[in-house]
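Let us walk through this structure, from the overall fold down to single side chains. Start with a term that will be needed throughout.

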Amino acid sequence: YGYLNPPLKSTLQALKNHQYHDVLQDAYESDITTLVNFSALQNCAKKFQLNSSLITQREFLLSLGIEERRKILCDKNDDGQNSAIDRLIDREQMGELFKCLIIWS
């Protein structure tokens, strides 16, 4: 999770049952995360003469062969894998919402 322009709020967050949750309430029962400042990371990479590219989760997973993995999983046994993969790469769901920052020399 992250942003390019710093939000005017805390970037610390908690999720429980796929819903935002109070960070200080039941912390051991929720996923606690913070939003990453992609701009700061890209600037840091540039400072050390590294290349960077911010891409969508969809682009990242497709480049790693998620469709081929889907075929293997579906050939064996679907068990909801098809809809789970759709959720990860769908442009209207997680595919465009989440980003991946790639840094290389």
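Buried means under 20% relative accessible area, exposed means over 50%, and partly exposed lies in between, with a 1.4 Å probe and protein chains only. This is a predicted model, where local features need pLDDT of at least 70, side-chain atom pairs count only at pLDDT 80 or more, and totals for chains, interfaces and linings use all residues. Residues are numbered from 1 along each chain as its sequence is written, and side-chain values use heavy atoms, with hydrogens and water left out.

Begin with the fold. The protein chain has 5 helices and 7 strands. Helices (H or I, at least four residues) and strands (E, at least two) are DSSP runs, numbered from the N terminus. Along the sequence their order is β-β-β-β-β-α-β-α-α-α-α-β. The protein chain is more spread out than a compact globule, because its radius of gyration is 17 Å, well over the 13 Å that the globule rule gives for 105 residues. That radius is taken over C-alpha atoms, and the rule is 2.2 Å times the number of residues to the power 0.38. Along the principal axes, the C-alpha atoms fill a box of roughly 45 × 40 × 25 Å.

Now look at packing and surface. Of the 105 residues in the protein chain, 25% are buried. A contact means heavy atoms within 4.5 Å. Among contacts with a separation of 6 or more, 57% join residues 24 or more positions apart. The protein chain exposes about 7,800 Å², and carbon and sulfur atoms supply 52% of it. Accessible areas come from the Shrake-Rupley method with a 1.4 Å probe; for residues, only the protein chains shown count as cover.

Next, find the loop between β2 (12-16) and β3 (19-21), which holds N17. Phi of N17 is near 55°, a positive value in a residue other than glycine. N17 is exposed, at 65% relative accessibility. H18 sits in the loop between β2 and β3 as well. H18 is not a glycine either, yet its phi is positive, at about 65°. H18 is exposed too, with a relative accessible area of 67%.

Turn to the charged pairs. A salt bridge is a side-chain nitrogen of Lys or Arg within 4 Å of a carboxyl oxygen of Asp or Glu. The whole structure has 6 of them. One joins the side chains of K16 and D26, at 3.9 Å from N to O. This pair links distant parts of the chain: K16 is in strand β2, D26 is in the loop between β3 and β4 (31-34), and 10 residues separate them. K16 is partly exposed at 21%, and D26 is partly exposed at 26%. A network of salt bridges links K16, D26 and E29.

Which helix holds R70? R70 lies in helix α3 (residues 66-76). R70 is buried, with a relative accessible area of 12%. Beyond its neighbours within four places in sequence, R70 contacts N82, I85, D86 and I89. R70 forms a salt bridge with E67, the closest N and O atoms being 2.8 Å apart. Both lie in helix α3, 3 residues apart, about one turn of the helix. E67 is partly exposed, at 35% relative accessibility. The side chains of R70 and D86 also meet in a salt bridge, at 2.9 Å from N to O. D86 lies in helix α4 (residues 81-89) and R70 in helix α3, so this pair ties together parts that are 16 residues apart in sequence. D86 is partly exposed, at 34% relative accessibility.
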